Amino acid sequence: MTPAQPLLPALLARLGPLQVTARKVMEGVLTGLHKSPHHGQSVEFSEHKEYAPGDEIRHIDWRAFAKLDKYYVKRFEMETNLRALLVVDASGSMAYGRGAMTKLQYAAICAGALAYLLSRQGDQVGLCIAGDGGTWEGVREFLPFASSPTHVQELLKILDGSQGRGATLLPAALDFAAEKAGRRALMIVLTDLFDATDRSIPALKMLRSRRHDVLLLQTLDREELDFPFDDPTRFLSMEDDRSIEAQPRQIRESYLAEMRRFLETTRKELARADVEVEQIATDAAPDRVLLKLLARREAA
Amino acid sequence: MLQFAHPAYLWGLLAIALPILVHLFNQRRPRPLSFGAIEFVLRSHRQKARRLRLRQILLLALRCLLIAAVALALARPSIKPRGVQAAQSSGPQATALVLDASLSMRYRMGSKTLFEKARSEALAALDRLGPDEPAAAGLCAGPAGFSGGGIGAPSFDRLAVRRMLQSAQPTYLMSDMTSCLAAAAKALGESPVAGKRIIAFSDLAAHSIRLDAPPPLVPPPATAPPGAQAIRPNVVLVDAARGSELPNAAVIATVVRPSASLGPRGYEVVVTVANSSGQLVSGLQVSLKVGAHTVAKGFVDVPPRGTAKKTLGAVLPAGVVTGRVELTREEAQGLDEDDGQDFVVHVPRDVKALIVDGAPSSLRSRDEAFFVEAALAPARTGGRIHAQTLDADAAANAPLDGYDVLLLLNVAAPPKPFADKLRQAVVQQGLGVFIALGDHVDPDAYNEVLGEVLPRPLHLIKTAAEPGAQGAEEHAARFGLIEWAHPLFHVFGPAEREGLESARTFRYALLKPEGQGHTLASYDDGAPALIEKRLGAGRVLLYTSSVSRTWTDWPIRVSFLPVLQQSVSWLADALEQRQPANSMVGEERTLSAPPGTRVEKVLASGGEAVPFRRETAHPDDAIVPLSAPGQYRALVAPPGVQPREEPALAFVATLDPKESDLRRVDEGELKARLGGAGSARVAASAAAAQGVQGTPLWSGLLLLGALALLGEGALTRR
């Protein structure tokens, strides 16, 4: 396999544990990055700008004032390091996937690869598995921020062991994450956003309103997008006991319209709230997806 | 009736079970699938559930229809008119076409009458007959069954039958379908063709068909071996009304009678209106017309299937008055002919009478004029008789012009000039004279002065008993022979005659045998009591006793008043005659000419001459067959003289009220009477009656199947 080739989910599924697949994906991303015209993402740069009303007073460079008797403000003075929290939805619907992997497995690979990447550049990474059965409401597992390789291994282990079950408790988990993150952090949320209560999107907006940088990776199965069923089917809910008998051919059109409307609405609504959204089908190569995502962020 | 050429293919209908099973199978076999985006499935399904269910049912129905249509089409179905099987089974059939031409067939439905519809149906039926089927046709009208010459034997002269049907017109008569069917069956017996069929075109009114009569039977042919039985023909009754109810309101009777409350010549017309429908007819306007003028109007509510009477009043002119009562109907549909009825009434003219009181007396019981004035008082005659009383001296000088009747009551023999004047007035002006006797009358003086006027000369005064004497009641004379049929007495029914017979007469004049008087009443000893004579243009009536209580007790009896009133009217030739009885259309009316004349012409209401016949026994009378309703007038004349109208002979022909009742016969009972569903049926059209070819249905069914297939394809593709 040459690095140029995308790491398709079918292939990744055969590679074994998440530690391996995530690493592979991370390498794929890095390879892609080296080939790109951009050079790194943490270019430190600072300059002075003459003070104008509205600028933060604490950013005034007093040395420059001593020398030049003029107020200068330091701009783009970077934080010491980035803190990123990976929030992975492990509700029942995330366990769907009849192809190479489930949505949750796919989300875990992406999350693992991102954890590798972030820790590699010395950033701190935390993990929050949204789901039932944990100590906190809506949070099944939580791993605080750290950047050591052992931490990443711990994180991958949790991801690997997580299973999709129960109702979507993402809003509660996001509340929890916002609380734990404290100051501004990068929130990477991996979910299908299938939430019967419609509270997930407001929760995401809430994160953003707390000045966190929010990146939503909306993970969807190809079958959910295309609804390729033909035979009469009894559809069972994966999160509760609802079920419905239907002739898929008869409702396909209406289903697809509903789905398109949902994706569109989600994208528009979150874009308005300045939340970055990436809608991913689980048959896409995760490394390409991440690469594209990183490239876009860097460009922005 | 539906019939199949290949009924075995109908088993194919069982294949309808296939789509039903597939439908049920599809319903039962959903594959379970845990699905993440179930929310969207639920939402989509909710939106479409009802439409989807409908579509499934539609699909199932279309598939079933497809299979059923194909299976039925393979079985080659065709629609046959009801009961055709029986008619067709016996091959070519001799056919009798019976067309109901009764009054009720004039009922108008839409732009055509029932008769017009029935006639075109009959012509169509004739056209559809096979070339080997002989036909006959007859018009069913009148009590005799068929009108005209009846129905002939079936023949192959189609043109004659066609011509007969084309020229057929409805009558005003009733019809007896039962007789017509029997006659038609009999006529069919004359055809050698084995199949026998009667097609009758009628409105199936209940009154025209007797359900208790035996069914029509075709007699065996003359050449048949002895013991051969009559056979039952196939009978098709084509319902010209096509099963519809025929609501109808009609004037079924008109009675005209004098009404004292309306004054002189006041008459009330009592109209009986019948409603044959099941709904109440309210606010129906009834008008009374005399000549061209409407003189009274009223409204009447007629209960369903019932009758109602409406009385309209009018003051009529003297003479023979013809009039008409009419209903004003709003709907165009209905029977026009029975919405009105004519009447003829003889209105007597007013009479002016001069009473000559020969012996005025303050004692009323002895005063003749008192009893006569009382009898002719306006309160008792409706003001029709104006009487004036004079004593004998005053009367002798009074002019007699202007009087219709002169009453000489116990007048001593009048002076000669008066007697001459009187005789002249009687002979030339038609003055009527009533002579009553009394103590002042001297028979010889009377015979001398009034000899020519008296019906018979007076002989002597006979005293049967002295009034007031013991046993006078027993010995007094009573009326013996009375000519009850004479206008003077015809008001007395058998029950009232006793009132006349019980009068006692103590004294009266006997008459000499010579003379030409006609005795109307006589005493029990045979002596004339009332005797009349025609003198020139006038009449003389002699009462041989007194009109006071001096000679008789008759004036105080109730029978005195009508006889005196009738006498005055009769003498004045202004008798309130018995109203001419109406005749019914379809009957014959005998018009008896007055003596010495002959009925020369009879005119219908439109003025056209009506044919009539004479009988050898009474060559002057006319016997008029009545074919249309309305007023009829007769012109009479002595031989060789220009005929004049005789008002007394005017009469009205009315319609049979039964024809106005258009209630339909019960079809089930009718079919049962005609031999059951096997050989009798009721159809709505000529095509049904014909039953030669059924209408094939298989091509339509195949088209239906193709449409079902297209629909199924369109539905499944979506």
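How many bridges join β11(B) to strand β14 (residues 306-315) of chain B? I looked that up before anything else.

**Ground rules.** I am working from a predicted model, where local features need pLDDT of at least 70, side-chain atom pairs count only at pLDDT 80 or more, and totals for chains, interfaces and linings use all residues. Residues are numbered from 1 along each chain as its sequence is written, chains are lettered from A and ligands numbered from 1 in the order in which they are written, and side-chain values use heavy atoms, with hydrogens and water left out.

**Entry: β11 in chain B.** I found 10 bridges between β11(B) and β14(B), and the two run antiparallel. Strands here are DSSP runs of E, at least two residues, and helices are runs of H or I, at least four residues, both numbered from the N terminus. Two strands pair if DSSP finds at least two bridges between them. Within β14(B), Leu312(B) is the bridge partner of Val269(B). I also checked strand β10 (residues 249-258) of chain B, which is joined to β11(B) by nine bridges, again antiparallel. There, Ala253(B) has Thr272(B) as its bridge partner in β11(B).

**Entry: the eight-stranded sheet.** Next I traced an open sheet in chain B with mixed pairing, in the order β18-β17-β19-β20-β26-β25-β24-β22. β18 (385-391) and β22 (479-482) of chain B are at the edges with a single partner strand each, so one side of each has no neighbour in the sheet. On average, neighbouring strands are turned by 15° against each other, direction ignored. I zoomed in on β24 (518-523) and β25 (528-535) of chain B, which pair antiparallel over four bridges. His518(B) is opposite Glu532(B) in β25(B). Helix α10 (416-429) of chain B lies across β19, β20, β25 and β26 of that chain, at about 140° to β19(B). Axes are lines fitted to C-alpha atoms, for helices over the stretch in contact, with angles from 0 to 180 degrees between N-to-C directions.

**Entry: two helices in chain A.** How do the axes of α6 (170-181) and α7 (200-209) of chain A cross? They come within 8 Å and cross at roughly 10°. The pair is therefore roughly parallel, the label for angles under 35 degrees. I sorted the contact residues into eight nonpolar, one polar and one charged. Ala, Val, Leu, Ile, Met, Phe, Trp, Tyr, Cys and Pro count as nonpolar, Asp, Glu, Lys and Arg as charged, and the others, Gly among them, as polar.

**Entry: cores.** A nonpolar core is a set of buried Ala, Val, Leu, Ile, Met, Phe, Trp, Tyr and Cys residues joined through side-chain atoms within 4.5 Å. The largest has 51 residues, and Phe235(A), Met259(A) and Phe35(B) touch the most other members. α6(A) gives the most to this core, with seven residues. I listed the contacts of Phe235(A), leaving out residues up to four places away in sequence; they include Phe227(A), Ile244(A), Leu33(B) and Val41(B).

**Entry: chain totals.** I noted 10 helices and 10 strands in chain A, against 17 helices and 36 strands in chain B. Buried residues are 49% of the 300 in chain A, and 49% of the 718 in chain B.

How values were computed. Parallel < 35°, antiparallel > 145°, perpendicular 65-115°, else oblique. Buried < 20%, exposed > 50% of the residue type's maximum accessible area, 1.4 Å probe, protein only. Contact = heavy atoms within 4.5 Å.
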